[in-house]
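Okay, everyone, thanks for coming. Let me put the structure up and walk you through a few parts of it.

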Amino acid sequence: MRSDGAFTVAALRSVTRVPTIGAPHNIWCSVDTYATCKNITGTTGVSEGSTVMKSTPRSRVLHGDWFDWRSSATRDFIALFGGVVLASILAHVYGLGPRLFQLGLGYADSAPDDIVFLIFVAFFLSVALTIFSVRRYRELVCETKARTIAEGEARDLARHDPLTGLPNRRLFDEKLDACLGLASDTHQVAVLMLGLDGFKRIKDTHGHAAGDKALCEFANRVADILRKDGVLARIGGDEFGIVLPDISSLDVPTNLARRIVASAADTFAIETGAAELGVGIGIAIAPINGVNLHELVRRADRALYRAQGDGRSCVRFFEPEMDMHVERRIQIERELRSAITADIIEPHYQPLVSLKGNCIIGFEALARWENRTLGRIPPDVFIPIAEETGLINALGDQLFRRACLDANAWPEAFMLAFNISPIQLRDPALGQRILSILGQTGLSPRRLEIEITESAFVEKTGVAKAVIDELRRAGVRIALDDFGTGYATLSQLLSFRLDKIKIDRSFVSHLDDSTDSRVIVRAILGLAKGFGLTTTAEGVEDAGQLAYLLANGCTEGQGYLFSDAVPAAGIPALLDRESGRTAVAEDGQRSLHA
(Lines give C-alpha, C1' and ligand atoms only; values in the text may rest on other atoms or scores of the structure.)
Protein backbone atom coordinates (compact mmCIF):
# COMPACT_ATOMS: atom_id res chain seq x y z
CA MET A 1 0.00 0.00 0.00
CA ARG A 2 1.25 3.51 -0.78
CA SER A 3 1.64 6.26 1.71
CA ASP A 4 -0.47 9.34 1.21
CA GLY A 5 2.29 11.82 0.88
CA ALA A 6 5.66 11.31 -0.62
CA PHE A 7 6.75 7.76 0.20
CA THR A 8 5.55 4.19 0.40
CA VAL A 9 4.84 2.45 3.68
CA ALA A 10 7.57 -0.11 3.04
CA ALA A 11 10.15 2.62 2.72
CA LEU A 12 9.07 4.28 5.95
CA ARG A 13 8.59 1.46 8.42
CA SER A 14 11.22 3.01 10.64
CA VAL A 15 9.67 6.48 10.40
CA THR A 16 7.15 7.79 12.89
CA ARG A 17 4.42 10.14 11.74
CA VAL A 18 3.59 13.71 12.63
CA PRO A 19 0.77 15.85 11.30
CA THR A 20 2.14 19.35 10.85
CA ILE A 21 -0.08 22.36 11.03
CA GLY A 22 -1.50 22.52 7.60
CA ALA A 23 0.00 19.11 6.83
CA PRO A 24 -2.79 16.74 7.84
CA HIS A 25 -2.37 13.59 9.83
CA ASN A 26 -1.77 11.49 6.74
CA ILE A 27 0.94 13.66 5.23
CA TRP A 28 4.64 13.01 5.79
CA CYS A 29 7.05 15.79 6.52
CA SER A 30 10.59 16.24 7.74
CA VAL A 31 11.60 17.57 11.14
CA ASP A 32 12.69 20.89 9.64
CA THR A 33 9.43 21.20 7.71
CA TYR A 34 7.53 20.51 10.92
CA ALA A 35 9.48 23.19 12.75
CA THR A 36 8.87 25.68 9.95
CA CYS A 37 5.13 25.07 10.01
CA LYS A 38 5.12 25.49 13.79
CA ASN A 39 6.96 28.80 13.58
CA ILE A 40 4.55 30.16 10.97
CA THR A 41 1.30 29.15 12.59
CA GLY A 42 2.27 29.10 16.25
CA THR A 43 1.01 25.58 16.87
CA THR A 44 2.03 22.10 16.00
CA GLY A 45 -1.31 20.50 15.40
CA VAL A 46 0.05 17.16 16.71
CA SER A 47 -2.69 14.82 17.72
CA GLU A 48 -2.56 12.64 20.81
CA GLY A 49 -0.21 9.72 20.42
CA SER A 50 1.70 11.32 17.54
CA THR A 51 5.41 11.91 17.68
CA VAL A 52 7.78 14.01 15.65
CA MET A 53 9.18 12.06 12.75
CA LYS A 54 12.76 10.85 13.09
CA SER A 55 14.39 9.77 9.89
CA THR A 56 16.34 6.72 11.08
CA PRO A 57 17.63 5.61 7.67
CA ARG A 58 19.29 8.97 7.19
CA SER A 59 21.26 8.66 10.42
CA ARG A 60 23.19 5.72 9.10
CA VAL A 61 26.64 6.51 7.92
CA LEU A 62 27.80 3.82 5.55
CA HIS A 63 27.07 5.52 2.27
CA GLY A 64 29.30 5.84 -0.77
CA ASP A 65 30.47 9.33 0.24
CA TRP A 66 31.44 8.67 3.92
CA PHE A 67 35.19 9.10 3.25
CA ASP A 68 35.83 12.80 2.57
CA TRP A 69 39.40 13.56 1.43
CA ARG A 70 38.93 17.26 2.17
CA SER A 71 38.29 16.70 5.88
CA SER A 72 41.15 17.58 8.28
CA ALA A 73 40.29 14.53 10.38
CA THR A 74 40.66 12.32 7.34
CA ARG A 75 44.06 13.78 6.50
CA ASP A 76 45.24 13.33 10.10
CA PHE A 77 44.13 9.74 10.13
CA ILE A 78 45.82 9.01 6.79
CA ALA A 79 49.08 10.62 7.97
CA LEU A 80 49.07 8.65 11.23
CA PHE A 81 48.20 5.37 9.58
CA GLY A 82 50.78 5.96 6.84
CA GLY A 83 53.48 6.72 9.41
CA VAL A 84 52.78 3.50 11.32
CA VAL A 85 52.83 1.44 8.14
CA LEU A 86 56.06 3.08 6.93
CA ALA A 87 57.75 2.52 10.28
CA SER A 88 56.71 -1.13 10.25
CA ILE A 89 58.08 -1.64 6.74
CA LEU A 90 61.41 -0.01 7.57
CA ALA A 91 61.72 -2.05 10.73
CA HIS A 92 61.13 -5.23 8.78
CA VAL A 93 63.50 -4.37 5.92
CA TYR A 94 66.42 -3.37 8.10
CA GLY A 95 65.83 -5.94 10.81
CA LEU A 96 65.50 -3.25 13.44
CA GLY A 97 63.69 -5.57 15.80
CA PRO A 98 66.52 -8.12 16.28
CA ARG A 99 69.12 -5.36 16.36
CA LEU A 100 67.30 -3.49 19.06
CA PHE A 101 66.94 -6.76 20.98
CA GLN A 102 70.66 -7.42 20.79
CA LEU A 103 71.38 -3.85 21.71
CA GLY A 104 69.12 -4.23 24.69
CA LEU A 105 70.94 -7.38 25.85
CA GLY A 106 74.26 -5.57 25.58
CA TYR A 107 73.04 -2.85 27.91
CA ALA A 108 70.98 -5.08 30.15
CA ASP A 109 73.60 -5.47 32.78
CA SER A 110 74.96 -1.96 32.65
CA ALA A 111 71.83 0.18 32.19
CA PRO A 112 68.61 -1.61 33.24
CA ASP A 113 67.00 1.65 34.31
CA ASP A 114 67.50 3.17 30.84
CA ILE A 115 65.92 0.14 29.15
CA VAL A 116 62.90 0.30 31.44
CA PHE A 117 62.56 3.98 30.68
CA LEU A 118 62.72 3.37 26.91
CA ILE A 119 60.12 0.61 27.13
CA PHE A 120 57.85 2.87 29.15
CA VAL A 121 58.20 5.72 26.62
CA ALA A 122 57.52 3.38 23.69
CA PHE A 123 54.44 1.96 25.41
CA PHE A 124 53.14 5.41 26.30
CA LEU A 125 53.59 6.63 22.72
CA SER A 126 51.80 3.57 21.38
CA VAL A 127 48.83 4.14 23.70
CA ALA A 128 48.74 7.85 22.87
CA LEU A 129 48.83 7.16 19.14
CA THR A 130 46.06 4.60 19.50
CA ILE A 131 43.85 6.98 21.47
CA PHE A 132 44.52 9.75 18.94
CA SER A 133 43.61 7.44 16.07
CA VAL A 134 40.36 6.33 17.66
CA ARG A 135 39.37 9.89 18.54
CA ARG A 136 40.01 11.18 15.03
CA TYR A 137 38.09 8.27 13.54
CA ARG A 138 35.08 9.01 15.77
CA GLU A 139 35.19 12.68 14.74
CA LEU A 140 35.23 11.60 11.13
CA VAL A 141 32.21 9.36 11.68
CA CYS A 142 30.24 12.11 13.48
CA GLU A 143 31.05 14.66 10.82
CA THR A 144 29.97 12.33 8.05
CA LYS A 145 26.80 11.41 9.93
CA ALA A 146 25.83 15.08 10.43
CA ARG A 147 26.45 15.87 6.79
CA THR A 148 24.43 12.86 5.67
CA ILE A 149 21.47 13.87 7.86
CA ALA A 150 21.66 17.48 6.65
CA GLU A 151 21.73 16.38 3.01
CA GLY A 152 18.75 14.13 3.60
CA GLU A 153 16.76 16.90 5.23
CA ALA A 154 17.69 19.28 2.42
CA ARG A 155 16.43 16.76 -0.12
CA ASP A 156 13.24 16.41 1.90
CA LEU A 157 12.69 20.18 2.09
CA ALA A 158 13.34 20.50 -1.64
CA ARG A 159 10.30 18.27 -2.23
CA HIS A 160 7.91 19.77 0.30
CA ASP A 161 6.08 23.06 0.70
CA PRO A 162 7.50 24.93 3.73
CA LEU A 163 4.12 26.42 4.69
CA THR A 164 1.75 23.46 4.61
CA GLY A 165 4.26 20.61 4.79
CA LEU A 166 2.62 19.06 1.71
CA PRO A 167 4.59 17.70 -1.22
CA ASN A 168 5.46 20.47 -3.66
CA ARG A 169 5.26 20.52 -7.47
CA ARG A 170 8.53 18.59 -7.83
CA LEU A 171 7.44 15.66 -5.67
CA PHE A 172 3.94 15.82 -7.15
CA ASP A 173 5.41 15.35 -10.62
CA GLU A 174 7.58 12.45 -9.43
CA LYS A 175 4.64 10.62 -7.86
CA LEU A 176 2.37 11.29 -10.83
CA ASP A 177 5.05 10.12 -13.26
CA ALA A 178 5.40 6.87 -11.30
CA CYS A 179 1.63 6.35 -11.35
CA LEU A 180 1.37 7.10 -15.07
CA GLY A 181 3.90 4.33 -15.74
CA LEU A 182 1.24 1.88 -14.52
CA ALA A 183 -1.76 3.55 -16.19
CA SER A 184 -3.93 1.42 -18.45
CA ASP A 185 -7.57 1.02 -19.43
CA THR A 186 -8.14 -1.01 -16.28
CA HIS A 187 -5.78 1.02 -14.08
CA GLN A 188 -6.79 4.65 -14.57
CA VAL A 189 -5.16 7.62 -12.84
CA ALA A 190 -7.04 10.81 -11.96
CA VAL A 191 -5.40 14.23 -11.63
CA LEU A 192 -7.36 16.95 -9.84
CA MET A 193 -6.18 20.57 -9.93
CA LEU A 194 -7.71 22.78 -7.24
CA GLY A 195 -7.85 26.59 -7.32
CA LEU A 196 -9.21 28.62 -4.40
CA ASP A 197 -11.88 31.25 -5.07
CA GLY A 198 -11.68 34.29 -2.82
CA PHE A 199 -8.18 33.66 -1.45
CA LYS A 200 -6.82 36.93 -2.81
CA ARG A 201 -9.61 38.82 -1.07
CA ILE A 202 -8.71 37.20 2.26
CA LYS A 203 -5.04 38.07 1.80
CA ASP A 204 -5.74 41.65 0.74
CA THR A 205 -8.33 42.24 3.45
CA HIS A 206 -6.92 40.35 6.45
CA GLY A 207 -3.20 40.12 5.62
CA HIS A 208 -0.73 37.43 4.55
CA ALA A 209 -0.78 35.64 7.91
CA ALA A 210 -4.53 35.11 7.62
CA GLY A 211 -4.09 33.87 4.08
CA ASP A 212 -1.42 31.39 5.19
CA LYS A 213 -3.66 30.08 7.95
CA ALA A 214 -6.55 29.65 5.53
CA LEU A 215 -4.29 27.69 3.16
CA CYS A 216 -3.17 25.38 5.96
CA GLU A 217 -6.72 24.85 7.15
CA PHE A 218 -7.84 24.05 3.61
CA ALA A 219 -5.00 21.52 3.28
CA ASN A 220 -6.13 19.90 6.53
CA ARG A 221 -9.70 19.58 5.36
CA VAL A 222 -8.79 18.08 2.00
CA ALA A 223 -6.36 15.57 3.50
CA ASP A 224 -8.98 14.44 6.01
CA ILE A 225 -11.23 13.26 3.19
CA LEU A 226 -8.49 12.04 0.84
CA ARG A 227 -8.07 8.29 0.63
CA LYS A 228 -4.81 6.80 1.87
CA ASP A 229 -3.21 6.11 -1.50
CA GLY A 230 -3.92 9.62 -2.78
CA VAL A 231 -1.25 12.31 -3.08
CA LEU A 232 -2.09 15.88 -2.10
CA ALA A 233 0.41 18.60 -3.05
CA ARG A 234 0.57 22.36 -3.02
CA ILE A 235 1.48 23.35 -6.55
CA GLY A 236 1.96 27.04 -5.80
CA GLY A 237 0.07 30.05 -4.46
CA ASP A 238 -3.55 29.03 -3.93
CA GLU A 239 -3.37 26.04 -6.28
CA PHE A 240 -3.29 22.42 -5.11
CA GLY A 241 -3.01 19.11 -6.94
CA ILE A 242 -4.27 15.61 -6.17
CA VAL A 243 -3.26 12.29 -7.71
CA LEU A 244 -5.55 9.26 -7.37
CA PRO A 245 -3.38 6.38 -8.60
CA ASP A 246 -6.02 3.73 -9.23
CA ILE A 247 -9.68 4.60 -9.77
CA SER A 248 -12.41 2.09 -10.53
CA SER A 249 -14.69 4.63 -12.26
CA LEU A 250 -15.15 8.35 -12.88
CA ASP A 251 -17.41 8.46 -9.84
CA VAL A 252 -14.33 8.26 -7.59
CA PRO A 253 -12.83 11.66 -8.53
CA THR A 254 -16.33 13.14 -8.91
CA ASN A 255 -17.35 12.22 -5.38
CA LEU A 256 -14.01 13.39 -3.99
CA ALA A 257 -14.39 16.73 -5.79
CA ARG A 258 -17.89 17.21 -4.38
CA ARG A 259 -16.69 16.48 -0.86
CA ILE A 260 -13.84 18.96 -1.27
CA VAL A 261 -16.25 21.65 -2.49
CA ALA A 262 -18.52 20.96 0.49
CA SER A 263 -15.64 21.10 2.97
CA ALA A 264 -14.39 24.41 1.54
CA ALA A 265 -17.87 25.91 1.89
CA ASP A 266 -17.53 25.97 5.70
CA THR A 267 -16.26 29.21 7.18
CA PHE A 268 -12.51 29.48 7.77
CA ALA A 269 -11.46 30.82 11.16
CA ILE A 270 -8.65 33.40 11.04
CA GLU A 271 -7.19 35.75 13.62
CA THR A 272 -9.28 38.73 12.53
CA GLY A 273 -12.58 36.87 12.28
CA ALA A 274 -14.02 34.47 9.74
CA ALA A 275 -13.55 34.15 5.99
CA GLU A 276 -15.17 32.24 3.17
CA LEU A 277 -13.50 30.38 0.34
CA GLY A 278 -14.68 28.50 -2.68
CA VAL A 279 -12.74 25.97 -4.73
CA GLY A 280 -12.77 25.29 -8.45
CA ILE A 281 -11.66 21.81 -9.52
CA GLY A 282 -10.45 20.58 -12.90
CA ILE A 283 -10.08 16.84 -13.51
CA ALA A 284 -8.14 14.91 -16.15
CA ILE A 285 -7.98 11.11 -16.45
CA ALA A 286 -5.10 8.94 -17.71
CA PRO A 287 -4.93 7.26 -20.15
CA ILE A 288 -8.18 8.79 -21.54
CA ASN A 289 -6.79 12.35 -21.60
CA GLY A 290 -3.16 11.35 -22.11
CA VAL A 291 -0.33 9.48 -20.43
CA ASN A 292 2.32 12.19 -20.58
CA LEU A 293 2.83 13.94 -17.25
CA HIS A 294 2.95 17.50 -18.56
CA GLU A 295 0.11 16.92 -21.01
CA LEU A 296 -2.15 15.50 -18.30
CA VAL A 297 -1.43 18.32 -15.84
CA ARG A 298 -1.94 20.91 -18.58
CA ARG A 299 -5.34 19.45 -19.42
CA ALA A 300 -6.35 19.33 -15.77
CA ASP A 301 -5.32 23.00 -15.55
CA ARG A 302 -7.50 23.81 -18.54
CA ALA A 303 -10.44 22.06 -16.92
CA LEU A 304 -9.76 24.15 -13.80
CA TYR A 305 -9.66 27.31 -15.90
CA ARG A 306 -13.07 26.45 -17.32
CA ALA A 307 -14.43 25.59 -13.85
CA GLN A 308 -13.34 28.94 -12.43
CA GLY A 309 -14.80 30.73 -15.43
CA ASP A 310 -18.17 29.04 -14.92
CA GLY A 311 -18.59 30.38 -11.40
CA ARG A 312 -17.71 29.79 -7.78
CA SER A 313 -16.94 26.24 -6.60
CA CYS A 314 -17.49 24.46 -9.92
CA VAL A 315 -16.09 21.07 -10.99
CA ARG A 316 -15.22 20.28 -14.60
CA PHE A 317 -13.73 17.27 -16.34
CA PHE A 318 -11.40 17.93 -19.23
CA GLU A 319 -13.06 17.92 -22.64
CA PRO A 320 -11.30 18.08 -26.02
CA GLU A 321 -12.97 21.39 -26.93
CA MET A 322 -11.20 22.97 -23.94
CA ASP A 323 -7.95 22.62 -25.83
CA MET A 324 -9.53 24.44 -28.74
CA HIS A 325 -10.83 27.14 -26.40
CA VAL A 326 -7.42 27.71 -24.81
CA GLU A 327 -5.63 27.66 -28.16
CA ARG A 328 -8.08 30.27 -29.42
CA ARG A 329 -7.49 32.37 -26.32
CA ILE A 330 -3.73 32.18 -26.84
CA GLN A 331 -4.21 33.20 -30.46
CA ILE A 332 -6.47 36.11 -29.44
CA GLU A 333 -3.87 37.30 -26.95
CA ARG A 334 -1.16 37.17 -29.59
CA GLU A 335 -3.32 39.02 -32.13
CA LEU A 336 -4.38 41.52 -29.46
CA ARG A 337 -0.80 42.55 -28.82
CA SER A 338 -0.29 43.08 -32.53
CA ALA A 339 -3.57 44.99 -32.84
CA ILE A 340 -2.62 47.39 -30.04
CA THR A 341 0.78 47.97 -31.61
CA ALA A 342 -0.82 48.68 -34.99
CA ASP A 343 -3.70 50.71 -33.45
CA ILE A 344 -6.30 48.56 -35.20
CA ILE A 345 -8.97 48.39 -32.48
CA GLU A 346 -11.29 51.35 -32.92
CA PRO A 347 -14.18 52.91 -31.01
CA HIS A 348 -17.76 52.79 -32.27
CA TYR A 349 -20.39 55.07 -30.80
CA GLN A 350 -23.89 54.35 -29.51
CA PRO A 351 -26.12 57.38 -28.96
CA LEU A 352 -27.34 58.47 -25.53
CA VAL A 353 -30.87 59.81 -25.92
CA SER A 354 -32.80 62.23 -23.72
CA LEU A 355 -36.18 60.56 -23.23
CA LYS A 356 -37.99 63.78 -22.40
CA GLY A 357 -36.35 65.87 -25.10
CA ASN A 358 -36.45 63.00 -27.63
CA CYS A 359 -32.97 63.85 -28.94
CA ILE A 360 -29.37 62.64 -28.93
CA ILE A 361 -27.27 64.25 -26.21
CA GLY A 362 -24.05 62.29 -26.59
CA PHE A 363 -22.40 58.99 -27.46
CA GLU A 364 -20.84 56.12 -25.55
CA ALA A 365 -17.57 54.82 -27.02
CA LEU A 366 -17.53 51.02 -27.41
CA ALA A 367 -14.46 49.07 -28.55
CA ARG A 368 -14.76 47.11 -31.78
CA TRP A 369 -12.13 44.77 -33.25
CA GLU A 370 -12.22 43.16 -36.65
CA ASN A 371 -9.34 40.71 -37.10
CA ARG A 372 -8.34 39.42 -40.54
CA THR A 373 -7.73 35.90 -39.22
CA LEU A 374 -10.26 35.51 -36.41
CA GLY A 375 -13.02 37.75 -37.72
CA ARG A 376 -15.05 40.02 -35.46
CA ILE A 377 -14.06 39.53 -31.82
CA PRO A 378 -16.59 40.88 -29.30
CA PRO A 379 -15.45 43.16 -26.46
CA ASP A 380 -16.55 40.70 -23.76
CA VAL A 381 -13.93 38.32 -25.17
CA PHE A 382 -10.87 40.51 -25.73
CA ILE A 383 -11.37 43.03 -22.90
CA PRO A 384 -10.99 40.37 -20.13
CA ILE A 385 -7.92 39.04 -21.91
CA ALA A 386 -6.47 42.55 -22.01
CA GLU A 387 -7.14 42.86 -18.26
CA GLU A 388 -5.51 39.52 -17.44
CA THR A 389 -2.42 40.19 -19.56
CA GLY A 390 -1.83 43.76 -18.41
CA LEU A 391 -2.65 45.24 -21.83
CA ILE A 392 -5.75 47.10 -20.66
CA ASN A 393 -3.95 50.37 -19.84
CA ALA A 394 -2.34 50.61 -23.27
CA LEU A 395 -5.60 49.64 -25.00
CA GLY A 396 -7.68 52.01 -22.87
CA ASP A 397 -5.40 55.00 -23.47
CA GLN A 398 -5.33 54.27 -27.19
CA LEU A 399 -9.12 54.05 -27.52
CA PHE A 400 -9.67 57.10 -25.33
CA ARG A 401 -7.35 59.24 -27.42
CA ARG A 402 -9.15 58.26 -30.62
CA ALA A 403 -12.55 58.87 -29.00
CA CYS A 404 -11.52 62.36 -27.89
CA LEU A 405 -10.34 63.22 -31.38
CA ASP A 406 -13.62 61.96 -32.87
CA ALA A 407 -15.69 63.85 -30.28
CA ASN A 408 -14.13 67.13 -31.35
CA ALA A 409 -16.11 66.84 -34.62
CA TRP A 410 -19.46 66.59 -32.79
CA PRO A 411 -21.60 69.51 -31.67
CA GLU A 412 -20.11 71.04 -28.53
CA ALA A 413 -23.14 70.16 -26.43
CA PHE A 414 -22.64 66.41 -27.00
CA MET A 415 -21.14 64.29 -24.24
CA LEU A 416 -18.55 61.52 -24.68
CA ALA A 417 -19.10 58.53 -22.37
CA PHE A 418 -16.10 56.24 -21.92
CA ASN A 419 -15.82 53.02 -19.88
CA ILE A 420 -12.96 52.52 -17.43
CA SER A 421 -12.02 49.00 -16.31
CA PRO A 422 -11.72 48.24 -12.57
CA ILE A 423 -8.18 47.09 -13.38
CA GLN A 424 -7.38 50.56 -14.72
CA LEU A 425 -8.75 52.16 -11.57
CA ARG A 426 -6.06 50.38 -9.55
CA ASP A 427 -3.48 52.66 -11.18
CA PRO A 428 -3.02 55.92 -9.24
CA ALA A 429 -1.71 57.58 -12.42
CA LEU A 430 -4.92 56.97 -14.38
CA GLY A 431 -6.39 60.38 -13.59
CA GLN A 432 -3.30 62.20 -14.78
CA ARG A 433 -3.22 60.15 -18.00
CA ILE A 434 -6.86 60.95 -18.76
CA LEU A 435 -6.40 64.66 -18.12
CA SER A 436 -3.20 64.65 -20.18
CA ILE A 437 -4.99 63.10 -23.17
CA LEU A 438 -7.81 65.63 -22.81
CA GLY A 439 -5.26 68.43 -22.92
CA GLN A 440 -3.47 66.97 -25.93
CA THR A 441 -6.66 66.45 -27.94
CA GLY A 442 -8.37 69.68 -26.87
CA LEU A 443 -11.57 68.04 -25.57
CA SER A 444 -13.12 69.84 -22.61
CA PRO A 445 -13.29 67.76 -19.40
CA ARG A 446 -16.89 68.94 -18.97
CA ARG A 447 -17.86 67.01 -22.11
CA LEU A 448 -16.45 63.76 -20.72
CA GLU A 449 -18.39 61.19 -18.72
CA ILE A 450 -16.38 58.32 -17.22
CA GLU A 451 -18.32 55.10 -16.62
CA ILE A 452 -17.18 52.73 -13.86
CA THR A 453 -18.65 49.46 -12.57
CA GLU A 454 -19.53 48.44 -9.02
CA SER A 455 -16.55 46.09 -8.80
CA ALA A 456 -14.34 49.19 -8.66
CA PHE A 457 -15.75 49.79 -5.16
CA VAL A 458 -14.62 46.40 -3.87
CA GLU A 459 -10.91 46.32 -4.72
CA LYS A 460 -8.52 49.10 -3.71
CA THR A 461 -11.30 51.56 -2.95
CA GLY A 462 -8.83 54.20 -1.79
CA VAL A 463 -6.98 54.35 -5.11
CA ALA A 464 -10.20 54.35 -7.15
CA LYS A 465 -11.69 57.13 -5.03
CA ALA A 466 -8.56 59.25 -5.37
CA VAL A 467 -8.62 58.90 -9.17
CA ILE A 468 -12.34 59.72 -9.35
CA ASP A 469 -11.99 62.74 -7.07
CA GLU A 470 -9.15 64.03 -9.23
CA LEU A 471 -11.28 63.74 -12.37
CA ARG A 472 -14.32 65.33 -10.71
CA ARG A 473 -12.25 68.36 -9.66
CA ALA A 474 -11.33 68.82 -13.32
CA GLY A 475 -15.02 68.80 -14.32
CA VAL A 476 -15.39 65.19 -15.52
CA ARG A 477 -18.75 63.53 -14.77
CA ILE A 478 -18.83 60.05 -13.17
CA ALA A 479 -21.46 57.43 -14.04
CA LEU A 480 -22.03 54.05 -12.40
CA ASP A 481 -22.47 51.43 -15.12
CA ASP A 482 -24.48 48.17 -14.81
CA PHE A 483 -26.01 49.25 -11.51
CA GLY A 484 -27.54 46.43 -9.48
CA THR A 485 -25.27 43.63 -10.72
CA GLY A 486 -22.30 44.13 -8.37
CA TYR A 487 -21.52 44.43 -4.67
CA ALA A 488 -21.66 48.15 -4.01
CA THR A 489 -23.29 49.46 -0.86
CA LEU A 490 -25.25 52.68 -0.58
CA SER A 491 -22.54 54.15 1.65
CA GLN A 492 -20.00 53.47 -1.09
CA LEU A 493 -22.22 55.13 -3.66
CA LEU A 494 -22.40 58.21 -1.49
CA SER A 495 -18.64 58.29 -0.88
CA PHE A 496 -17.88 58.22 -4.62
CA ARG A 497 -20.14 61.22 -5.37
CA LEU A 498 -21.66 59.93 -8.60
CA ASP A 499 -23.45 62.00 -11.25
CA LYS A 500 -25.38 59.24 -13.01
CA ILE A 501 -26.65 55.68 -12.53
CA LYS A 502 -27.01 53.40 -15.55
CA ILE A 503 -29.66 50.68 -15.15
CA ASP A 504 -28.32 47.36 -16.36
CA ARG A 505 -29.86 45.88 -19.51
CA SER A 506 -30.67 42.64 -17.66
CA PHE A 507 -33.41 44.53 -15.77
CA VAL A 508 -34.61 46.62 -18.72
CA SER A 509 -34.95 43.63 -21.06
CA HIS A 510 -37.51 41.97 -18.75
CA LEU A 511 -39.73 44.98 -18.09
CA ASP A 512 -42.44 43.51 -20.32
CA ASP A 513 -42.60 40.06 -18.71
CA SER A 514 -41.22 40.30 -15.16
CA THR A 515 -42.85 41.99 -12.20
CA ASP A 516 -39.59 41.72 -10.25
CA SER A 517 -37.69 43.64 -12.95
CA ARG A 518 -40.29 46.39 -12.94
CA VAL A 519 -40.07 46.68 -9.15
CA ILE A 520 -36.25 46.81 -9.25
CA VAL A 521 -36.17 49.43 -12.02
CA ARG A 522 -38.76 51.57 -10.21
CA ALA A 523 -36.71 51.34 -6.99
CA ILE A 524 -33.50 52.35 -8.79
CA LEU A 525 -35.23 55.33 -10.39
CA GLY A 526 -36.60 56.39 -7.02
CA LEU A 527 -33.18 56.05 -5.40
CA ALA A 528 -31.53 58.10 -8.14
CA LYS A 529 -34.18 60.82 -7.86
CA GLY A 530 -33.67 60.98 -4.11
CA PHE A 531 -29.92 61.44 -4.57
CA GLY A 532 -30.39 63.91 -7.42
CA LEU A 533 -28.72 61.64 -9.97
CA THR A 534 -29.35 61.29 -13.68
CA THR A 535 -30.49 57.82 -14.85
CA THR A 536 -29.79 56.03 -18.12
CA ALA A 537 -31.58 52.80 -19.07
CA GLU A 538 -29.39 50.45 -21.11
CA GLY A 539 -30.69 47.94 -23.64
CA VAL A 540 -33.95 49.68 -24.56
CA GLU A 541 -35.34 47.67 -27.46
CA ASP A 542 -39.11 48.23 -27.72
CA ALA A 543 -41.76 50.87 -27.19
CA GLY A 544 -43.23 49.12 -24.13
CA GLN A 545 -39.96 49.37 -22.23
CA LEU A 546 -39.61 52.99 -23.26
CA ALA A 547 -43.13 53.84 -22.05
CA TYR A 548 -42.51 52.28 -18.63
CA LEU A 549 -39.20 54.13 -18.24
CA LEU A 550 -40.77 57.45 -19.17
CA ALA A 551 -43.68 56.94 -16.82
CA ASN A 552 -41.34 56.30 -13.89
CA GLY A 553 -39.03 59.24 -14.44
CA CYS A 554 -36.04 57.79 -16.32
CA THR A 555 -34.13 60.64 -17.95
CA GLU A 556 -31.99 58.92 -20.61
CA GLY A 557 -32.07 55.81 -22.76
CA GLN A 558 -29.64 53.76 -24.80
CA GLY A 559 -30.24 50.71 -26.97
CA TYR A 560 -31.17 49.21 -30.32
CA LEU A 561 -34.52 51.02 -30.27
CA PHE A 562 -32.58 54.21 -30.98
CA SER A 563 -29.48 52.96 -32.78
CA ASP A 564 -26.74 50.39 -32.73
CA ALA A 565 -23.13 51.49 -32.24
CA VAL A 566 -21.76 53.09 -35.42
CA PRO A 567 -18.22 54.06 -36.46
CA ALA A 568 -17.16 57.68 -36.27
CA ALA A 569 -17.77 58.11 -39.99
CA GLY A 570 -21.43 57.12 -39.54
CA ILE A 571 -22.29 59.73 -36.91
CA PRO A 572 -23.05 62.61 -39.34
CA ALA A 573 -25.63 60.47 -41.13
CA LEU A 574 -27.13 59.44 -37.79
CA LEU A 575 -27.41 63.08 -36.71
CA ASP A 576 -29.00 64.04 -40.03
CA ARG A 577 -31.56 61.26 -39.65
CA GLU A 578 -32.22 62.30 -36.06
CA SER A 579 -32.78 65.94 -37.01
CA GLY A 580 -35.24 64.90 -39.70
CA ARG A 581 -37.20 62.63 -37.36
CA THR A 582 -37.24 65.27 -34.66
CA ALA A 583 -38.73 67.75 -37.09
CA VAL A 584 -41.47 65.30 -37.94
CA ALA A 585 -42.05 64.57 -34.25
CA GLU A 586 -42.84 68.24 -33.65
CA ASP A 587 -45.92 67.75 -35.83
CA GLY A 588 -46.97 64.90 -33.53
CA GLN A 589 -46.59 62.16 -36.14
CA ARG A 590 -43.26 60.45 -35.52
CA SER A 591 -40.57 60.38 -32.86
CA LEU A 592 -36.84 59.64 -32.67
CA HIS A 593 -37.41 55.97 -31.86
CA ALA A 594 -40.01 55.36 -34.57
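So, F199, I202, K203 and H206 in helix α6 meet H208, A210, G211 and L215 in α7, where contact means heavy atoms within 4.5 Å. By type, the residues of that contact are four nonpolar, three polar (Gly counts as polar here) and one charged. The axes, lines fitted to C-alpha atoms over the stretch in contact, come within 6 Å and cross at roughly 145 degrees, on a scale from 0 to 180 degrees between N-to-C directions.

Quick housekeeping: this is a predicted model, with local features needing pLDDT of at least 70, side-chain atom pairs 80 or more, and totals for chains, interfaces and linings using all residues. Numbering starts from 1 along each chain as its sequence is written, and side-chain values use heavy atoms, leaving out hydrogens and water.

Overall, the chain has 19 helices and 17 strands, taken as DSSP runs (H or I, at least four residues; E, at least two) and numbered from the N terminus.

Now the sheet. Five strands make an open, mixed sheet, ordered β2-β3-β1-β6-β7; strands pair if DSSP finds at least two bridges between them. At the edges sit β2 (231–236) and β7 (315–317), each pairing on one side only.

Last, which residues of α12 are buried? Among them are I392, L395, L399 and F400, buried being under 20% relative accessible area with a 1.4 Å probe, protein chains only.

Notes. Buried < 20%, exposed > 50% of the residue type's maximum accessible area, 1.4 Å probe, protein only.
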